[in-house]
Amino acid sequence: MNTPRGTLIIGLLAILIGGGQILFMSEGASTTVLAMQYFFLILGVVAVVGALVQMNKK
């Protein structure tokens, strides 16, 4: 799955999972866990943007 479409799907899944974990946490997470969740959420957004740019070039 080294295609822009595969990267887009994986990036969207990362955004959904990461965003869900951040939004629907029932207990207070440590600062490190929260920072990692935001980091992976940002990586998912970067993956989606990169995949869309690659798809528009073709």
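Q: What radius of gyration does the chain have, and what would a compact globule of 58 residues have?
A: This is a predicted model, in which local features need pLDDT of at least 70 and side-chain atom pairs count only at pLDDT 80 or more, while totals for chains, interfaces and linings use all residues. Residues are numbered from 1 along each chain as its sequence is written, and side-chain values use heavy atoms, with hydrogens and water left out. The radius of gyration is taken over C-alpha atoms, and the globule rule is 2.2 Å times the number of residues to the power 0.38. For a compact globule of 58 residues the rule gives a value near 10 Å, whereas the chain has 13 Å.

Q: What does the C-alpha trace of the chain span along its principal axes?
A: The secondary structure consists of two helices and zero strands. Helices (H or I, at least four residues) and strands (E, at least two) are DSSP runs, numbered from the N terminus. Along the principal axes, the C-alpha trace spans about 45 × 15 × 15 Å.

Q: How far does α1 reach from its first C-alpha to its last?
A: α1 has 20 residues. At 1.5 Å a residue, 28 Å is expected. The reach in the model is close to this, at 28 Å.

Q: Which helix do the buried residues of α1 pack against?
A: Buried means under 20% relative accessible area, exposed means over 50%, and partly exposed is in between (1.4 Å probe, protein chains only). In α1 the buried residues are P4, G6, L8, G11, G18, G19 and I22. Contact means heavy atoms within 4.5 Å. The buried residues of α1 pack against residues 31-57, which form α2.

Q: Which residues of α2 are buried?
A: What covers them includes α1. Across the chain, buried residues make up 21% of the 58 residues. In α2 they are Q37, L41, G44, V48 and A51.

Q: Is Q37 buried or exposed, and which residues does Q37 touch?
A: Q37 lies in helix α2. Its relative accessibility is 13%, so Q37 counts as buried. Not counting residues up to four places away in sequence, Q37 touches Q21, I22 and M25.

Q: Which residues make the nonpolar surface patch of about 410 Å²?
A: Like charges are joined within 9 Å, and nonpolar side chains (Val, Leu, Ile, Met, Phe, Trp, Tyr) within 5 Å. L13, in helix α1, counts as partly exposed because its relative accessibility is 46%. The patch is made by I9, L13, L16 and I17.

Q: How many Å apart in space are K57 and L8, C-alpha to C-alpha?
A: K57 lies in helix α2. With a relative accessible area of 71%, K57 is exposed. K57 and L8 are 49 residues apart in sequence, and their C-alpha separation in space is 15 Å.

Note on methods: Patches are made of residues with over 30% relative accessible area and no salt bridge: like charges are joined within 9 Å, nonpolar side chains (Val, Leu, Ile, Met, Phe, Trp, Tyr) within 5 Å. Accessible areas come from the Shrake-Rupley method with a 1.4 Å probe; for residues, only the protein chains shown count as cover. A salt bridge is a side-chain nitrogen of Lys or Arg within 4 Å of a carboxyl oxygen of Asp or Glu. The expected span of a helix is 1.5 Å times one less than its number of residues.
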